[in-house]
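Hi,

Here is the structure I promised to pass on.

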Amino acid sequence: MTRQLPLTAVAASLVGCHICGLVVHMPRDAHRVHLVCPRCGATLHRRKPDSLGRTWALVIAACLLYIPANVLPITLTTTFGSTQSDTILSGVVYLMAHGMWPVALLIFFASIIVPMMKLVILIYLLTSVARKSQWRPGDRTRLYRITEAVGRWSMVDIYVVTILVALVNLGELATIKAGPGAIAFGGVVVITMFAAMTFDPRLIWDAMENRE
Amino acid sequence: MTTDALIACHECDLLHRISELPVGSAASCSRCGAVLYRQKRNSLDRTLTMVITGLILFVIANSYPFLSFKMEGIVQETTLLTGVRLFYDSGMHALALLVVLTTVVLPLAELLGLLYVLLPLKLERVPWKLGSIFRFVRSIEPWGMMEVFMLGILASVVKLAQMASIIPGISMYAFAALIVVIAAAAASLDPRIVWERVEMPP
């Protein structure tokens with residue numbers, strides 16, 4: 001009795017180009033050969049190279065940067081000679097205290113919740129793949145898809161700081177400058193975006209192929 | 001050796017046979033549900049229109065002040081690049097680079113790259129190095145973040161509105177329109193119409 005198994009590109013000695021989608025024949029022994037897509041010139045890989053190791057490295061780097069991003073001030077506001085520094089969280093509290101709820105919620109989600117959820121989800125996906133988990137691969141792929149799509153919106157706080165710095169530049173009267181936390185936070189956003197790009201969701205499905 | 005009739009799902013690697021779809025519909029992976037490709041209506045013409053419109057709006061958006069800030073009689077005007085210059089001047093080079101790349105350089109590179117690819121194709125010609133250049137356009141796509149910048153503008157306007165009066169400039173309207181046009185260009189582009197024109201060694 002034969003069981004109908006879905007056929008993957010790897011199982012058929014094929015590889016799909018990650019840029020242009022062309023399906024190219026890749027012999028099984030072509031392990032260390034540098035194969036290039038004949039159509040668009042991108043390097044072909046069956047799976048993203050060293051996906052787990054690289055994603056772990058980026059996730060750990062982002063976790064470390066997440067601390068200064070939240071502890072150090074992202075803006076320094078000087079009005080009439082006195083300077084007040086604000087972190088991401090104290091900025092949110094300021095907005096709430098002044099009744100600007102929608103903006104407070106936006107910044108809270110985009111700057112605090114989204115980066116944290118991204119890191120938690122990526123760590124979960126990395127460990128589930130390492131454990132060759134077969135639990136709900138469809139839902140785990142969906143989780144990955146959301147993580148990848150939502151990450152860019154964390155940049156909103158960096159842009160708010162950019163605009164505040166540009167507008168509130170009135171010399172003695174009032175000046176806003178970016179603090180060191182802004183650099184760390186920008187780092188968190190960029191590194192988590194790279195981490196999501198480095199993770200290969202096909203690894204989730206590889207565990208399904210090898211069941212008895 | 002290549003296999004034209006097949007596509008491998010980019011999220012789970014399952015092989016699918018490519019078939020003609022009714023216009024406006026999408027083919028998704030039978031196992032993980034990822035969208036494999038979409039059949040777009042009149043993709044080349046629509047995308048090219050949006051790209052040319054986008055380039056005109058881009059020039060306007062970057063040429064005029066986009067917000068004015070009025071506080072105790074002092075008026076401060078800014079363009080898109082004012083904040084970037086101030087970051088750079090205060091030694092925050094990485095931050096300046098991040099903002100200028102994601103809001104100005106990469107969106108412009110994407111529009112120019114699409115124009116370079118699509119205009120000759122419209123005129124039945126194949127541009128030089130089509131494959132590599134379209135690959136570049138596709139890989140910078142996630143890093144253009146103008147729509148996020150727009151949200152940032154709205155958030156800062158709300159935040160500053162209590163301290164002072166904020167007056168939107170001409171470029172603000174151009175910028176808002178630009179975001180819609182860029183989204184429309186992305187929605188109408190079917191990358192397959194470009195890839196199938198790339199000449200491959202036999």
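**What I found**

Before anything else, keep in mind that this is a predicted model. I'll start with chain B and its two domains. The C-alpha centres of domain 1 and domain 2 of chain B lie 31 Å apart. In the domain assignment, domain 1 of chain B covers 1–39 and domain 2 covers 42–195.

Now for where the chains meet. On the chain A side, 56 residues are in contact with 57 residues of chain B. Elements of chain A that each put two or more residues into that side include the strands β1 (14–16), β2 (23–25) and β5 (174–178). The helices that do so are α3 (101–130), α4 (137–150), α5 (156–167), α6 (180–198) and α7 (202–209) of chain A. Which of these elements gives the most? That is α5(A), with 10 residues.

One residue I'd click on is Val160(A), which sits in helix α5 of chain A. Is Val160(A) buried or exposed? Val160(A) has 30 C-beta neighbours inside 10 Å, and a residue needs 20 or more to be called buried, so Val160(A) counts as buried. Across in the other chain, Val160(A) touches Gly152(B), Ala155(B) and Ser156(B). Within chain A, the C-alpha atoms of Val160(A) and Ile107(A) are 9.4 Å apart, although 53 residues separate the two along the chain.

Cheers

Key. Residues numbered from 1 in each chain as written. Chains lettered and ligands numbered in written order. Predicted model: local features only at pLDDT ≥ 70, side-chain atom pairs only at ≥ 80, totals over all residues. Contact = placed C-beta atoms within 7 Å. Helix = DSSP H or I, 4+ residues; strand = E, 2+ residues; numbered from the N terminus. Domains from an automatic or database assignment. Buried ≥ 20, exposed ≤ 12 C-beta atoms within 10 Å, placed from the backbone. Lists of a residue's contacts leave out its neighbours within four places in sequence.
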